[in-house]
Amino acid sequence: MRIWKEQGKIKVAAPAKINLFLEILGKRPDGYHEIETVMQEVSLFDYIFLENHEKGIEFSCSNPRLTTGEDNLVLKAVRLLQKESGISRGVKIYLDKKIPIGAGLGGGSSDAVATLVGLNNLWQLGYDEKKLISLAGKLGSDTPFFVIGNTAICKGRGEIIIPYPLHVKYNYVIIYPKFEISTTTVYENFKINLTKNLKDVNFFLQTLLLGNPEKLGAYLHNRLEEVVFRLYPGLEKIKKTLAEIDFCGTLLSGSGSALYGLCKGGCDQKEIEQTIKMLNIGDVFVVTSDFDDTVKEREGGRL
Ligand SMILES: C[C@](O)(CO)[C@H](O)COP(=O)(O)OP(=O)(O)OC[C@H]1O[C@@H](n2ccc(N)nc2=O)[C@H](O)[C@@H]1O
Ligand SMILES: Nc1ncnc2c1ncn2[C@@H]1O[C@H](COP(=O)(O)OP(=O)(O)OP(=O)(O)O)[C@@H](O)[C@H]1O
């Protein structure tokens with residue numbers, strides 16, 4: 001999370017994530033699926049602005065299509081912290097929504113963690129990373145990852161985080177076909193086939209460390225693709241169209257609907273962006289895995 005003060009308000013940048021690898025190991029007694037996934041933060045952000053407010057909780061959002069009721073993950077995070085800390089002080093929150101909704105990019109989960117981090121600072125709670133991870137785990141399966149961010153292996157239902165710091169940079173182009181997919185629906189329709197040859201995350205991780213996209217492309221893996229493409233055949237067509245573009249590999253992120261292409265070293269991302277925009281298959285986002293200094297400066301450092 002990148003957090004800083006701007007005009008007396010606390011501003012938190014909430015990054016999106018993509019899944020570079022996702023394997024489903026089985027179904028758990030609690031109804032969730034046991035997964036092994038490699039998540040990567042990318043430079044596409046929502047922004048959360050927080051300031052003290054004497055009149056209770058005031059929440060607004062730049063995207064009118066997104067609920068600002070109690071079912072918004074930002075408010076779920078506020079309620080959780082109020083209960084946990086016993087603080088009933090008011091707060092005014094504005095969500096500048098840029099991450100596509102229901103896209104498999106973790107936007108809601110990232111906003112929830114950005115709210116936890118922002119309030120931890122505003123209310124001077126002094127919660128450490130371990131505490132924030134535990135709180136985030138109460139808000140969803142993808143949420144704990146965003147406390148650590150960068151690159152991480154996530155296990156369990158996704159709440160067990162193993163940081164996997166990379167010192168190499170990869171560039172991606174994300175395509176959002178402008179429709180939401182329910183994560184619940186996807187998992188409910190997934191058919192556990194235990195005979196299927198499960199992919200080995202360790203081999204993927206060794207390749208990831210090399211920093212060679214030409215090598216990594218063939219090892220991108222998302223076990224949810226088969227069920228998502230069965231439910232939404234149009235997405236498989238988009239993936240095939242993207243495969244004709246000069247990427248090292250293309251993959252669905254999470255439960256979709258967003259797909260992404262892994263760019264070759266030294267490729268012209270802006271040119272690729274223009275090419276895809278002409279295909280008119282969705283919104284296009286050019287992103288990177290390494291928020292270099294300019295991005296950090298633009299997004300702010302830690303308070
Ligand atoms: C698809 C991924 O985005 C990959 O990163 C995540 O696994 C989903 O994470 P998430 O959106 O935070 O998921 P949650 O909001 O916790 O769960 C939504 C629904 O997805 C299903 N679910 C989620 C995670 C998981 N490991 N197994 C599941 O079966 C459950 O039906 C759950 O009710
Ligand atoms: N702050 C929020 N931002 C986005 N979606 C939110 C938010 N709060 C609640 N939601 C709801 O959560 C659902 C999933 O939103 P989100 O954008 O996180 O999906 P996603 O990117 O597919 O997430 P994941 O990759 O974790 O499955 C949507 O139905 C949306 O209405």
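Which polar side-chain atom lies 2.7 Å from an oxygen atom of ligand 1? That one belongs to Tyr 187. Here are my notes on the rest.

1. Ground rules. This is a predicted model, where local features need pLDDT of at least 70 and side-chain atom pairs count only at pLDDT 80 or more, while totals for chains, interfaces and linings use all residues. Residues are numbered from 1 along each chain as its sequence is written, chains are lettered from A and ligands numbered from 1 in the order in which they are written, and side-chain values use heavy atoms, with hydrogens and water left out.

2. Who sits around ligand 1. The shell has 18 residues, and His 33, Ser 141, Asp 142, Arg 157 and Tyr 187 come nearest (near: a heavy atom within 4 Å). By type, the shell splits into 6 nonpolar, 9 polar and 3 charged residues. For that count, Ala, Val, Leu, Ile, Met, Phe, Trp, Tyr, Cys and Pro are nonpolar, Asp, Glu, Lys and Arg are charged, and the others, Gly among them, are polar.

3. Polar contacts of ligand 1 (pairs of N or O atoms within 3.5 Å). Ser 141 places a polar side-chain atom 2.7 Å from an oxygen atom of ligand 1. With Arg 157 it's the backbone: a polar atom there is 2.9 Å from a nitrogen atom of the ligand. The protein covers 83% of the 640 Å² of accessible area that ligand 1 has on its own (Shrake-Rupley method, 1.4 Å probe).

4. Where ligand 1 sits. Domain 1 (2-164) and domain 2 (171-291) both contribute to the shell, so ligand 1 lies between them; the bounds come from an automatic or database domain assignment.

5. Who sits around ligand 2. Here 22 residues surround the ligand, with Lys 97, Gly 104, Gly 108, Asp 142 and Thr 183 the closest. The shell divides into 7 nonpolar, 9 polar and 6 charged residues. Helix H2 (residues 107-122) gives the most to this shell, with 4 residues. Again, both domain 1 (2-164) and domain 2 (171-291) give residues, so ligand 2 lies between them.

6. Polar contacts of ligand 2. Two of these come from the backbone: an N or O atom of Gly 104 is 2.8 Å from an oxygen atom of ligand 2, and one of Ala 103 is 3.4 Å from an oxygen atom of the ligand. Asp 142 uses its side chain, with a polar atom 2.7 Å from an oxygen atom of ligand 2. Of the 600 Å² of accessible area that ligand 2 has on its own, the protein covers 80%.

7. Backbone spots to look at. The peptide bond from Gly 256 to Ser 257 is cis, with omega near 20°. Ser 257 is in the loop between strand E10 (247-252) and strand E11 (259-263). Gln 7 isn't a glycine, yet its phi is positive, near 50°. You'll find Gln 7 in the loop between strand E1 (2-6) and E2.

How values were computed:
A polar contact is a pair of N or O atoms within 3.5 Å; within protein, one must be able to donate a hydrogen and the other to accept it, and residues adjacent in sequence count only if both atoms are side-chain atoms. Helices (H or I, at least four residues) and strands (E, at least two) are DSSP runs, numbered from the N terminus.
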